[in-house]
Amino acid sequence: MSALYKRPYNRISACSRFIENIDRLGASREVIWMKAEARFIHACSYFYLASYFHDVPLVKTVLTAEESNNVKKAARAEVIQYIVDELTEISTQLPRHKELPATELERATSQAALVFLARTHLLNKEYKKAAEVCNTIITWGDNQLHDNYQTLFYPAGKSSPEHIFAIHLVDNLAGHALPQHAYPVKDAGWCLVNGSSHLYEAYEFLDGSPFSYEDPRFNPDNLGENRDPRLDYTLIYNRATFRGTTYTCHPESGSVDKIGAGQASQTGYLLRKYFDET
């Protein structure tokens, strides 16, 4: 929990220094863009702080050591208003998604600022305002849903216009251990990314009706049958096929993945999303 508090303030401090000094480079389009990006990160950091901790110190400038040791908390309402004001203005200074070069897809856009603005309104229970902001993005038409939910999260999907703000893995620059952490024991994984029953139950039936274990469409032998297909793209469950073999987690089975056995899943649900099984 301490990291959720400290890391945003590290970003806020770095952004404040950047914002206060970048104007020395002039007023080119790139400088304006980079300054708006720093303000975006600054505001988003406060979005998370206001979400988790409510009343927090609202630091808008670079502080001296003395000032930083004596800063007072601001009320959550003041922090939220700051975020709203910043993101509203920033959204007019950042380029739109359609204006990004193919090599710059990870950079913040007007849509990215508007998405966090909408999320801030949701945090403040201002649902009508959130809907109006989202409708602006829809009306612009720069972003559309990807035609294949599963491949959206594969490397080939990183240029999809569904991504409004996403950070991409750069091949051969740094590794990551997600397969090792998330794979089932049968695939030499550590089962550290467990889905919850609440997540499983959140996926509706194909007609959009809420899921229920009492519904005759529920099949205990095939937990994804008659369900929103995104369920099968997101979770591995008992008797599902993953990487060519069957994942079995029933606690009375002899499987290495049975619930309660060593490194196995604690819930029976594991992560399929992000993995190209080929």
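A salt bridge here is a side-chain nitrogen of Lys or Arg within 4 Å of a carboxyl oxygen of Asp or Glu. The model is predicted, so local features need pLDDT of at least 70 and side-chain atom pairs count only at pLDDT 80 or more, while totals for chains, interfaces and linings use all residues. Residues are numbered from 1 along each chain as its sequence is written, and side-chain values use heavy atoms, with hydrogens and water left out.

**Whole chain**

Start with the C-alpha trace, which spans about 65 × 45 × 40 Å along its principal axes. The protein has nine helices and seven strands; these are DSSP runs numbered from the N terminus, helices being H or I with at least four residues and strands E with at least two. Of the 278 residues, 39% are buried. Buried means under 20% relative accessible area, exposed over 50%, and partly exposed in between, with a 1.4 Å probe and protein chains only.

**Salt bridges**

The count of salt bridges comes to 15. Select Asp-23 and Lys-35, whose closest N and O atoms are 2.9 Å apart in a salt bridge. Asp-23 is in the loop between H1 and H2 and Lys-35 in helix H2, twelve residues apart. Asp-23 is partly exposed at 43% relative accessible area, and Lys-35 is partly exposed at 23%.

Next select Arg-39 and Glu-86, which meet in a salt bridge of 2.8 Å, N to O. Arg-39 lies in helix H2 and Glu-86 in helix H4 (residues 76-90), so this pair ties together parts 47 residues apart in sequence. Arg-39 is buried at 12% relative accessible area, and Glu-86 is buried at 13%.

Glu-89 is partly exposed, with a relative accessible area of 39%. Then select Glu-30, Glu-37, Glu-104 and Arg-107, which salt bridges with shared partners join into one network.

**Aromatic rings**

The structure holds 23 aromatic pairs. Rings of Phe, Tyr and Trp (its six-membered ring) pair if their centres lie within 6.5 Å; planes under 30 degrees apart count as stacked, over 60 as edge-to-face and the rest as tilted.

Tyr-149 is in the loop between helix H6 (127-140) and helix H7 (178-182), and Tyr-233 is in helix H9 (residues 230-234), 84 residues apart. Tyr-149 is partly exposed at 24%, as is Tyr-233 at 30% relative accessibility.

Move to Tyr-213 and Phe-218, an edge-to-face pair with centres 5.2 Å apart and planes at 90°. Tyr-213 is partly exposed at 37% relative accessible area, whereas Phe-218 is buried at 18%.

For a cluster, select Tyr-5, Tyr-9, Phe-40, Tyr-46, Phe-47, Tyr-48, Tyr-52, Phe-53, Tyr-82, Phe-116 and Phe-165.

Arg-227 is the next stop. Its charged end sits over the ring of Phe-211, 3.8 Å from the centre, and Arg-227 also lies over the face of Phe-205, at 6.0 Å from the ring centre. A charge sits over a ring if NZ of Lys or CZ of Arg is within 6 Å of the ring centre and within 35 degrees of the ring normal.

**Cysteines and backbone**

The count of disulfides, pairs of cysteine sulfur atoms within 2.5 Å, is zero. Select Cys-15: its sulfur is 9.6 Å from the closest cysteine sulfur, in Cys-44, too far for a bond. Cys-15 is buried at 9% relative accessibility.

The sulfur of Cys-191 is 9.7 Å from the closest cysteine sulfur, in Cys-249, also too far for a bond. Cys-191 is buried at 4% and lies in the loop between H7 and E3. Although not a glycine, Cys-191 has a positive phi of about 60°.

Val-193 lies in the loop between H7 and strand E3 (194-195) and is partly exposed at 29% relative accessibility. The C-alpha atoms of Val-193 and Arg-272, 79 residues apart along the chain, are separated by 9.9 Å.

End at His-54, in the loop between helix H2 (29-53) and strand E1 (56-57). Phi of His-54 is positive, near 65°, in a residue other than glycine. His-54 is partly exposed at 38% relative accessible area.
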